[in-house]
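Here are a few notes to read alongside the model. Have a look at it first, then go through the points.

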Amino acid sequence: RDDHGEGDEIAKIETLHDDLLRGQFSLFPVSISTPFWRSPRSKGLQARQQLQSLLRSKVARGKCPFAVSNTEEEQDVANHTLLFTSSLAAKAIASLLTAVLLNLFWFNEEGTSLSTRIQSLKNPRHRSNYIQSLILETERLSPPVVGIMRRTTQDIVLHSTGERTPPTLVPQGWDIWLYFLGAGRDHAAFGETAEEFVPGRYYDAPCSQPEGFAFGAGVKTCLGKDLMRMVATAVVETCIGRAQASKPAVPVVEFEGDGSRLPAGVQGWLGWQSKVRPEEWARDIKQLPTQRPRRPIMVKLKHQITI
């Protein structure tokens with residue numbers, strides 16, 4: 001800890017982030033503040049204001065003394081810092097990597113694991129395309145965040161893809177729950193295999209296939225999308241090893257066994273099993289603030305990573 005109380009500031013930031021996260025995912029999304037009790041939503045809103053103020057002061061302290069003061073720019077930097085210091089980002093990365101690694105080592109396709117299949121590809125472009133397809137398919141079926149709430153700023157009309165279902169009017173000021181998990185398994189968008197894990201779905205023509213909604217869409221697309229995919233790609237390439245001189249890669253690490261003993265809810269989350277009952281999903285998967293197996297999955301490695 002330095003003379004400026006850096007340790008105290010970090011501890012305060014962690015506490016405020018915890019309050020903010022609880023407010024964002026509270027099952028009681030109403031802001032109530034009384035002298036004797038405050039709702040998690042109310043605490044979260046106040047935590048956000050305090051975080052923005054604290055981070056803005058840190059940005060101002062750390063800037064070049066000769067720089068021209070720009071209040072709007074400082075606020076923008078503080079808002080971005082708030083986003084990237086959130087514990088939700090770390091939880092989301094852990095959630096995505098958990099699903100990617102389980103798919104990589106334990107999904108069995110015609111008696112062969114995906115790690116073995118990728119290692120056998122000598123062409124670097126083919127390897128890269130398959131890894132990207134694996135990651136995109138994992139995002140589609142197992143998005144770290146199940147959904148998000150948005151409030152309409154004007155009247156909007158949601159058009160239905162069904163011929164017999166009329167359009168739906170959503171008035172201004174209404175809250176809409178965007179369910180990423182369900183949207184990624186929509187048969188109208190992804191066909192008969194919408195609920196199945198198909199690792200090569202994006203291999204041949206990734207641009208022609210709709211992606212899932214793990215990072216949102218449109219102008220509200222998550223700023224960390226490309227970074228998350230870079231991290232996932234680097235982890236996969238590190239685990240399976242890199243091919244050299246047109247030779248198959250030598251695996252650096254592998255998981256022993258297979259995923260046949262994974263609970264039904266976990267296999268449903270990954271898309272290995274269809275028609276998993278809601279009670280099995282609730283029993284085996286923790287969905288808030290990010291999706292992950294409710295109980296630890298113990299893995300025995302066959303190789304040690306050496307650096």
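1. Start with Leu 104, which touches Ser 113, Leu 114, Ser 115, Ile 118, Leu 134, Val 236 and Ile 240, leaving out residues up to four places away in sequence. Touching, or contact, means heavy atoms within 4.5 Å.

2. A word on the source: this is a predicted model, where local features need pLDDT of at least 70, side-chain atom pairs count only at pLDDT 80 or more, and totals for chains, interfaces and linings use all residues. Residues are numbered from 1 along each chain as its sequence is written, and side-chain values use heavy atoms, with hydrogens and water left out.

3. Leu 104 also belongs to the largest nonpolar core, which has 36 residues; Leu 104, Phe 105, Trp 269 and Leu 270 have the most contacts inside it. Such a core is a set of buried Ala, Val, Leu, Ile, Met, Phe, Trp, Tyr and Cys residues joined through side-chain atoms within 4.5 Å, where buried means under 20% relative accessible area with a 1.4 Å probe, protein chains only.

4. Which helices supply at least two residues each of this core? They are H4 (87-106), H5 (114-119), H6 (124-141), H9 (225-240) and H10 (264-270). H4 gives the most, with 10 residues. Helices here are DSSP runs (H or I, at least four residues), numbered from the N terminus.

5. Now follow H4 to H9: their axes, lines fitted to C-alpha atoms over the stretch in contact, come within 10 Å and cross at roughly 35°. On the H4 side, the contact includes Leu 104 and Phe 105, and on the H9 side it includes Val 236 and Ile 240.

Terms used. Buried means under 20% relative accessible area, exposed over 50%, partly exposed in between (1.4 Å probe, protein chains only). Axes are lines fitted to C-alpha atoms, for helices over the stretch in contact, and angles run from 0 to 180 degrees between N-to-C directions.
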